[in-house]
Amino acid sequence: MTWVPTPYRVATRTVETHDSATLALRPVAESLPAFRPGQFAMLYAHGVGEVPISVSAIPGDGTLVHTVRSVGAVSRALHDAAPGTVIGVRGPFGTAWRLDDVEDLLVVAGGIGLAPLRPVLAHPSKRTVFIAGARTPQDLLYTAELSHLSGVDTVLTVDHGDHDWNGRIGFVTEPLASIPLDPDRTTALLCGPEPMMRFCARTLLGRGVPAERIQVSLERNMQCGIGLCGHCQLGPLLLCRSGPVVGYPVAEPLLLTREL
Amino acid sequence: MTTPMTGLDTLPLFTNLSHTQRAAVAGVSRIETYEAGTRLFDEGGLADQCWVVQTGCVTVDTVVPQRGRVAVQSIGPGELLGWSWLVPPYRWHFGATVVSPTRAVVVDTAALRQLAGEDPALGYQLSLVLLEALLNRLQATRIRLLDLYRNPS
């Protein structure tokens with residue numbers, strides 16, 4: 001049932017950064033259908049409100065895993081939810097990353113945009129390159145996990161380094177412009193702030209990756225989750241149903257839309 | 001460690017140079033390997049070389065009172081390190097330190113300027129190579145100014 005929140009209980013809460021935490025949710029009774037990488041749930045903090053949050057891991061045992069960044073009243077309530085707290089969940093909603101016929105996989109994430117891509121990295125392609133950007137080293141999500149990704153060429157870059165940081169300093173477009181890639185075999189998945197995705201896509205187009213093989217994750221004010229209320233409209237799309245994952249040929253003109 | 005330069009054919013940065021032009025640049029270049037922690041140059045020093053990183057990572061830094069050397073940018077595989085040799089007074093505006101074992105093509109820039117002066121076709125192609133690399137760096141720096149990853153709350 002997509003209208004009525006299904007009760008889930010916070011089983012574990014892992015602090016990721018100063019403003020982000022990952023919640024593992026177990027069903028109180030009935031469980032929701034399985035989520036696919038890139039899809040999202042509407043998470044309801046009782047008495048506060050409901051927000052869309054992507055799945056950040058898919059353990060396969062019915063547990064839902066979401067990484068929440070505290071940016072407003074509802075996300076703060078979810079971010080702060082202690083183990084044992086009951087949260088309402090609706091979903092799965094939206095489109096998933098299209099991973100059929102992928103040869104070389106390129107994953108580019110910025111900030112909290114890494115969360116929807118984390119399930120993809122758990123099952124990498126034969127050749128997977130992963131570039132993640134963050135504001136500072138302390139803002140990088142899943143750092144322990146990222147340093148042990150098997151079969152993945154990983155580049156971590158931050159806007160501002162510190163004395164302990166020996167990764168890269170700069171924007172994600174810089175390694176993107178120089179990493180070895182075969183444009184005819186590459187499928188690119190981009191998730192992060194919209195200007196980041198726009199600049200990354202342009203860099204990839206410049207390197208010869210076809211627009212059809214670039215996917216981005218877009219977000220607007222998702223509310224109903226089933227394409228009825230219209231709050232998440234972006235041009236011709238209702239993003240809760242036609243997104244969040246959208247092909248770049250469709251997304252490109254919409255990424256320059258100032259406001260709708 | 002220094003190794004004689006045999007060719008630049010594998011460097012994407014020089015893809016648009018002809019084989020003859022790449023050979024000319026190779027003639028004023030060599031391969032060097034560096035341990036982590038090696039100081040490549042200091043702010044204010046004579047800018048007489050540039051580097052094309054093949055493997056590893058180098059950071060560009062400047063000194064800020066009470067913070068010491070602050071790294072502002074890193075240069076990774078395939079990227080060009082060093083611009084100050086292009087224009088007088090040929091002094092480094094920033095410093096640079098190797099942060100992980102690095103292998104790089106090191107170019108003698110005085111000799112490169114001379115080659116470009118003697119062969120305008122090579123000079124033009126080189127200026128395009130440098131301009132593209134410089135534009136990429138400028139655009140990425142501008143994007144960083146947007147502070148896109150900040151928490152909006």
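How many bridges join β2(A) to strand β5 (residues 64–69) of chain A? Keep that question in mind as you look through these views of a predicted model.

**View 1. Strands β2 and β5 of chain A sit side by side.** Here is the reply: six bridges link β2(A) with β5(A), and the two strands run antiparallel. To find your place, look for A:Thr22, which stands opposite A:Thr67 in β5(A). Strands of a sheet pair through backbone hydrogen bonds, and they can do so in a parallel or an antiparallel way.

**View 2. A hairpin links β1 and β2 of chain A.** Now follow the chain from β1(A) into β2(A): the hairpin between them passes through four residues. Strand β1 covers residues 6–15 of chain A and strand β2 covers residues 20–27. The two are antiparallel and are joined by seven bridges.

View 3. Strand β3 spans residues 40–45 of chain A, and six bridges tie β3(A) to β4(A). This pair is antiparallel as well. Look for A:Ala45, whose bridge partner in β4(A) is A:Gly49.

**View 4. Six strands of chain A make a closed barrel.** Step back and trace the order β1-β2-β5-β4-β3-β6, with antiparallel pairing. On average, neighbouring strands of this sheet are turned by 45° against each other, direction ignored.

**View 5. Two domains of chain A meet.** Chain A is divided into domain 1 (6–93) and domain 2 (104–217 + 247–253). Their C-alpha centres are 24 Å apart. Domain 1 of chain A brings 13 residues to the contact, and domain 2 of chain A brings 12 residues. On the domain 1 side, β4 (49–57) and β5 of chain A each supply at least two residues. Which element gives the largest share of that side? It is β4(A), with four residues. Sorted by class, the domain 1 side has four nonpolar, seven polar and two charged residues.

Definitions and conventions
Residues numbered from 1 in each chain as written. Chains lettered and ligands numbered in written order. Predicted model: local features only at pLDDT ≥ 70, side-chain atom pairs only at ≥ 80, totals over all residues. Pairing = 2+ DSSP bridges. Domains from an automatic or database assignment. Contact = placed C-beta atoms within 7 Å. Nonpolar A, V, L, I, M, F, W, Y, C, P; charged D, E, K, R; others polar. Axes fitted to C-alpha atoms, helices over the stretch in contact; angles between N-to-C directions.
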